[in-house]
Amino acid sequence: MARIPRVGSLAGIVGAVAAAGVFIVVLSAVHLLPQLRNPFAETTTDRSQPVILKSITQLSRYEAASGSFEVVLDLTRRTSLLPSFLAGSETLFVGQGTDIAFIDFSQLKSQAITVNPNRTAVTVALPKAQLEPAVLDVAQSYVYAQQQGLFNRIGNFFSGNPNSQQQVYILAQQKIQTAARQSPLLTEAQKNAQGMLDGMLTSLGFQHVTVTFGGAAAS
């Protein structure tokens, strides 16, 4: 007749196994044993293709000034027929970006530089400073706070990209571009270009240097 194990013996075995498991975890935690791997831990595998150089553009310009900008967007979206807790969103976004002002030398002709007969004075005619498209620094930009309605959260979940902020990024970049146009960045760029040419041409022996930008003279 088979012998039935006693309940007390089973409890003792279970307790011993549990104690051994706890002992192993403690030793692993204090680095006396190799670290235990989490069987549910996520891993990321990078199978990206190599970066391909598509084109090379030769630059014939002088980058004369750069500006750093910060914009805070407070965006509210509402649906007229539904309350905000069902549909709509409120987003507070902090955007950091830069813009560069430059002088384009690529279209300069020989007539753009005139020298007086005794070679003591020179006049340089340059185009006006221009702005590059503003660049949003996505590493430094972030969503400070966000509230979404129930339907928005469900839609973002099933879209496969719940953290998408593309429209917010585009709007922040546009506002930085507008701020750059309204800032002294273009004026500062022309001032820096004038200083650069003045120093370079003076070192070549010219006593008087005049720089014009689209018809406006700076001596």
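This briefing describes the overall make-up of one protein chain and then several of its local features.

The model is predicted: local features need pLDDT of at least 70, side-chain atom pairs count only at pLDDT 80 or more, and totals for chains, interfaces and linings use all residues. Residues are numbered from 1 along each chain as its sequence is written, and side-chain values use heavy atoms, with hydrogens and water left out. The chain contains four helices and nine strands; helices (H or I, at least four residues) and strands (E, at least two) are DSSP runs, numbered from the N terminus.

**Overall make-up**

- Along the sequence, the elements follow the pattern α-β-β-β-β-β-β-β-α-α-α-β-β.
- The chain has 219 residues, of which 23% count as buried. Buried means under 20% relative accessible area, exposed means over 50%, and partly exposed lies in between (1.4 Å probe, protein chains only).
- Among the contacts in the chain with a separation of 6 or more, 74% come from residues 24 or more positions apart. A contact means heavy atoms within 4.5 Å.

**Helix 4**

- Helix 4 covers residues 185–203, which makes 19 residues. From its first C-alpha to its last it reaches 27 Å, close to the 27 Å expected at 1.5 Å a residue; the expected span is 1.5 Å times one less than the number of residues.
- The buried residues of this helix are L185, A189, Q190, A193, L197 and L201. Seen down the axis of helix 4, these buried residues fall within an arc of 135 degrees, so they line one face of the helix. The arc is that of the directions from the helix axis to the C-beta atoms.
- The face of helix 4 turned away from the buried side carries the exposed residues T187, K191 and S203.
- After helix 4 comes G205, which has a positive phi, near 110 degrees.

**The surroundings of S141**

- S141 lies in the loop between strand 6 (135–136) and strand 7 (142–148). S141 counts as buried because its relative accessibility is 8%.
- A polar atom of the S141 side chain lies 2.9 Å from the backbone nitrogen of Q96. A polar atom of that side chain also lies 2.8 Å from the backbone oxygen of D137.
- Leaving aside residues up to four places away in sequence, S141 touches F93, V94, G95, Q96 and L136.

**Salt bridges**

- The structure holds two salt bridges. A salt bridge is a side-chain nitrogen of Lys or Arg within 4 Å of a carboxyl oxygen of Asp or Glu.
- One of them joins R61 and E63, with the closest N and O atoms 2.9 Å apart.
- R61 counts as partly exposed at 24% relative accessibility, and E63 counts as partly exposed at 41%.
- R61 also forms a salt bridge with E132, at 2.4 Å from N to O. This pair links distant parts of the chain, with R61 in strand 1 (residues 61–78) and E132 in the loop between strand 5 (130–131) and strand 6, 71 residues apart.
- E132 counts as partly exposed, at 23% relative accessibility. Through salt bridges that share partners, R61, E63 and E132 are joined into one network.

**The aromatic pair**

- A search of the whole structure finds one aromatic pair. Rings of Phe, Tyr and Trp (its six-membered ring) pair if their centres lie within 6.5 Å; planes under 30 degrees apart count as stacked, over 60 as edge-to-face and the rest as tilted.
- The pair consists of F93 and Y169, and it is tilted, with 5.4 Å from centre to centre and 55 degrees between the planes.
- The two residues link distant parts of the chain: F93 belongs to strand 2 (residues 88–104) and Y169 to helix 3 (residues 166–182), 76 residues apart. Their C-alpha atoms are separated by 8.9 Å.
- F93 counts as buried, at 0% relative accessibility, whereas Y169 is partly exposed, with a relative accessible area of 30%.
- Not counting residues up to four places away in sequence, Y169 touches F93 and L136. Both F93 and L136 are also among the residues that S141 touches.

Definitions and conventions:
Polar contact = N/O pair within 3.5 Å; in protein donor to acceptor, adjacent residues only side chain to side chain.
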